[in-house]
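The sequence and the structure are shown first.

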Amino acid sequence: YAQGAAAAQTTPALTPAQEEEKAKLYAQFLELIKGDAEKQRQASVVGKEYLTKYGTPEDDIVKYIKNWVTKYDLAVRDFEFNKTLTDKNYARTFEMGRQMLGENPDNVDLLLTLSQAGLGNAAAGAQANKGLNPDALRFTRQAIQLVEPGKAPAKWEPFTGRDDAPGWLYYTQGFLTWESSPDEAVMALLKAAQTNGTANKA
């Protein structure tokens, strides 16, 4: 009984004024999520404020707000990640990619994208950031280990399909190891040439 009483004391009942503030905050959140991008950004701020103040114990409203905020944050991160690719800001691409792989190391979609980014960076000539090559090679090898046994991404783009991806992965491996490990590079490029995809014409 003492333990139950102690637990009850950790979530004291709200005063009528606090209940009114809580209801207003939730109403504000519901209104903002209907709006444009800026309104939704504000909704995320308001939602997080609600969760900080009233997130325990969890009820249906808390779960709803938490779910919305989580999805919003992921959408923002995906947008920012894709912008790094568009801007060819590969250092930032890899920084974000490492964080995302920390959450899901076998994310084959992400590994394929990072491998392509690594090739794009390495092929940039004088503008290439060679410091990214070790990570690019690691991501490429991981992708090969997943794709070859049959793991498929949600979509194969920018590859033409399942047969196309391994060739480009081996081509990327060869390109990235040409200076540091010529033997590995030759083997990888031979494998790329033997595939049925477009990489054998590169």
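Is Glu-20 buried, partly exposed or exposed? Glu-20 counts as partly exposed because its relative accessibility is 46%, where buried means under 20% relative accessible area, exposed over 50%, and partly exposed in between (1.4 Å probe, protein chains only).

## Basis of the model

This is a predicted model, in which local features need pLDDT of at least 70 and side-chain atom pairs count only at pLDDT 80 or more, while totals for chains, interfaces and linings use all residues. Residues are numbered from 1 along each chain as its sequence is written, and side-chain values use heavy atoms, with hydrogens and water left out.

## Salt bridges within helices

A salt bridge is a side-chain nitrogen of Lys or Arg within 4 Å of a carboxyl oxygen of Asp or Glu. By this rule there are 14 salt bridges. Helices are DSSP runs (H or I, at least four residues) numbered from the N terminus.

Glu-20 pairs with Lys-24, with the closest N and O atoms 3.5 Å apart. The two residues are separated by about one helical turn because they lie four residues apart in helix H2 (residues 16–32). Lys-24, at 54% relative accessibility, counts as exposed.

In helix H3 (residues 37–54), Arg-41 and Glu-38 are three residues apart, and therefore about one helical turn separates them. Their salt bridge has its closest N and O atoms 2.7 Å apart. Arg-41 is partly exposed at 39% relative accessibility, and Glu-38 is partly exposed with a relative accessible area of 37%.

## A link between loops and a network

Lys-130 and Glu-179 form a salt bridge at 4.0 Å, N to O. This pair links distant parts of the chain, 49 residues apart: Lys-130 is in the loop between H6 and H7, and Glu-179 is in the loop between helix H8 (164–177) and H9. Both residues are exposed. Elsewhere, Glu-21, Glu-49 and Lys-53 are linked in a network of salt bridges.

## Helix packing

The axes of helix H6 (residues 108–122) and helix H7 (residues 133–147) come within 8 Å and cross at roughly 140°. H6 is therefore oblique to H7, given that angles under 35 degrees count as roughly parallel, over 145 as roughly antiparallel, 65 to 115 as roughly perpendicular and the rest as oblique. Axes are lines fitted to C-alpha atoms, for helices over the stretch in contact, and angles run from 0 to 180 degrees between N-to-C directions.
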